[in-house]
Amino acid sequence: MKMEEMPGMKMDMPGMNMSDSSTLGIVTLNYAMLKSPTKTTLPKNAPVKELHFELTGNMNRYVWSLDNKVVSEADKILIKKGENVRIILYNGSMMRHPMHLHGHDFRVLNGTKDYAPLKNIIDIMPMETDTLEFNANVDGDWFFHCHILYHMMSGMGRVFTYQNQPPNPLIPNPNYAFRKLKADDRRFHFMAENDIATNGNDGEAMYQSTRWSIGTEWRLGYHDMHGYETETHIGRYIGKMQWLMPFVGFDWRYRKMGIDEQEHNLFGQENTKDNRAVVSIGVNYTLPMLVMFQTEIFNDGIVRLQLERKDIPISKRIRASLMYNTDKEYMIDLKYILGKNIGIRTHYDSDMGFGIGATLNY
Ligand SMILES: [Cu+2]
């Protein structure tokens with residue numbers, strides 16, 4: 001069917017524009033094409049409650065939220081029985097989110113006026129704004145959430161609750177129930193990677209939540225570097241975009257090194273100790289292209305700046321990483337992904353030299 005034959009379609013709706021594929025005879029379906037067969041108008045003269053939400057998140061850390069708050073960080077939203085609730089949603093993230101409301105069908109204001117279609121999910125594209133409205137006519141606590149269940153579990157939702165509602169016999173302890181719901185996005189998740197290579201063994205493990213990150217890296221050298229080192233950082237992501245993470249750290253290393261193999265960093269600071277155990281404070285800042293800039297000050301006065309970019313996609317299965325810091329340490333690696341949990345990695349490291357081996361990740 002040609003587009004101009006579509007009834008009830010508006011081409012000028014913000015965020016509901018048609019794609020250019022129409023010139024190829026392909027029609028992209030959108031909400032502006034929907035029209036209810038009967039009037040869906042809300043009760044007139046009811047008070048209107050207007051709510052605004054921005055769909056937010058950090059795709060790299062896989063944290064999803066509304067107005068930068070996950071379910072456990074926000075209060076329930078009070079609504080009064082009888083009022084008309086209007087929700088204006090703006091998707092400020094780079095993913096689409098099918099937002100779902102329990103207990104009600106809402107009108108999607110798509111330009112069809114009295115005949116606005118009724119839905120209980122609306123799939124919102126990046127940078128799109130949509131307006132929904134419904135009459136508050138069912139007592140209860142109702143979950144409003146992204147229907148991508150990974151997003152829901154990470155905290156993308158809110159609970160609407162009716163003021164002065166009668167007790168629900170199915171939920172004898174509402175506070176306990178809400179605590180159980182909040183527990184979902186408070187969970188920590190674990191990930192780890194270990195490389196078993198010809199020149200040594202190195203890897204990292206991370207334990208992370210919505211805001212917190214506990215990470216440890218280790219390196220164990222057999223050849224060029226004979227010894228081991230570990231770095232542990234405990235940090236908290238702050239700010240709306242989660243680009244900044246201040247942290248405290250603990251580094252420990254032991255090396256067998258010749259007396260003439262003293263190291264100096266860019267600031268002329270000596271960094272010679274074979275056996276070094278230090279604490280630090282620092283910040284990680286995510287630069288464009290996901291380059292991580294790290295500044296770290298250790299309790300022995302040493303300052304280290306570092307640039308790192310992990311997981312550069314070279315092809316479908318090949319990933320590269322680059323690292324350089326002001327201790328004149330650098331690392332370059334290439335990994336071929338064999339499967340979900342295994343890969344082949346080759347790397348050159350200023351301390352450990354050249355190596356090739358197998359990488360396991362979880
Ligand atoms: Cu989502």
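Biologist: Q242 is placed in the loop between β15 (226-236) and β16 (244-256). Is Q242 buried or exposed?

Modeller: This is a predicted model, in which local features need pLDDT of at least 70 and side-chain atom pairs count only at pLDDT 80 or more, while totals for chains, interfaces and linings use all residues. Residues are numbered from 1 along each chain as its sequence is written. Strands are DSSP runs (E, at least two residues), numbered from the N terminus. A residue is buried if 20 or more other C-beta atoms, placed from the backbone, lie within 10 Å of its own, exposed if 12 or fewer, and partly exposed in between. Q242 is buried, because 20 other C-beta atoms lie within 10 Å. Although not a glycine, Q242 has a positive phi of about 55°.

Biologist: Which loop holds K328, and why does K328 count as exposed?

Modeller: K328 lies between β20 (318-325) and β21 (330-339). K328 counts as exposed because it has 12 C-beta neighbours inside 10 Å. Its phi is also positive, about 60°, although K328 is not a glycine.

Biologist: Which residues does D195 touch?

Modeller: Contact requires C-beta atoms, placed from the backbone, within 7 Å. Leaving out residues up to four places away in sequence, D195 touches N201, D202, G203, R345, G357 and T359. D195 belongs to strand β12 (residues 189-197) and is buried, with 25 other C-beta atoms within 10 Å.

Biologist: What does L132 touch?

Modeller: Beyond four places in sequence, L132 touches I87, F106, R107, V108 and I122.

Definitions and conventions:
Contact = placed C-beta atoms within 7 Å. Helix = DSSP H or I, 4+ residues; strand = E, 2+ residues; numbered from the N terminus.
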